[in-house]
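Welcome! Please open the model in your viewer, and let us walk through it one selection at a time.

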Amino acid sequence: MNAPIALFAYNRPQHLQQVINGLAKNKEAKSSDLIIYSDAPRIADDESGVTDVRKLIKSVIGFRSIKTVYIKKNLGVANSIISGVTQVVNKFKTIIVLEDDTVPSPFFFAIYERSPLLCTAYKLDFIKKSYRQTGLEIQSIEKGPWRKGGVVNQYDNSQDVIVAKRLKS
């Protein structure tokens, strides 16, 4: 597996744990690089959740490498993802993006083999805008829920998988 996994988290440690567990069930996890982005609290009420997420991140094992990016000032979900995806794609050229509310199946990486750039999201308009800003072009959008190798949104059991490629400059 050459594409690093960028995982974006905020203040939901239980959700994040499920995503990490789902990734770890994939045999490819041990040969994968995981980059976890943890956004700073937006308001005081979010501080304990963010603290718990960061404690959890420190206990993650089972990947070739684990890098953590603790954001010092709250960026919000959109700016956090745009910034992180831009950093990773500029360095590695490929990426797998997950948020802390998407739980991958044990066959999740099978999807990656179909395209070198993969992102999961359920806020399609946001993702289209984010992709344009990071220099990516959406190639296809496939509707979930996935039965073999996909990812399911914990809130409504549906998920779009967006396959994209880097735009030529």
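Begin by selecting strands β1 (residues 5-9) and β2 (residues 33-38): they run parallel and are joined by five bridges. Strands here are DSSP runs of E with at least two residues, helices are runs of H or I with at least four, and both are numbered from the N terminus; two strands pair if DSSP finds at least two bridges between them.

A word on the model before moving on: it is predicted, so local features need pLDDT of at least 70 and side-chain atom pairs count only at pLDDT 80 or more, while totals for chains, interfaces and linings use all residues. Residues are numbered from 1 along each chain as its sequence is written, and side-chain values use heavy atoms, with hydrogens and water left out.

**Stop one: around β1**

Zoom in on Ile5, and you will find Leu34 of β2 opposite.

Next, show helix α1 (residues 13-24): together with β1 and β2, helix α1 makes a right-handed β-α-β unit. Right-handed means that, with the strands pointing away from you, the path from the first strand over the helix to the second runs clockwise.

**Stop two: the two faces**

In a regular strand, side chains alternate between the two faces of the sheet. Are the faces of β1 covered or open? Both are covered, with Ile5, Leu7 and Ala9 buried on one side and Ala6 and Phe8 on the other. Buried means under 20% relative accessible area, exposed over 50% and partly exposed in between, using a 1.4 Å probe and protein chains only.

**Stop three: an aromatic pair**

Searching the whole structure turns up one aromatic pair. Select Phe8 and Tyr37: their rings are stacked, 4.8 Å centre to centre with 10° between the planes. Rings of Phe, Tyr and Trp (its six-membered ring) pair if their centres lie within 6.5 Å; planes under 30 degrees apart count as stacked, over 60 as edge-to-face and the rest as tilted. Phe8 in β1 and Tyr37 in β2 are 29 residues apart.

**Stop four: the core**

Finally, colour Ile5, Leu7, Leu16, Leu23, Leu34 and Leu98, which touch the most other members of the 20-residue largest nonpolar core. Such a core is a set of buried Ala, Val, Leu, Ile, Met, Phe, Trp, Tyr and Cys residues joined through side-chain atoms within 4.5 Å. Helix α1 gives the largest share, four residues.
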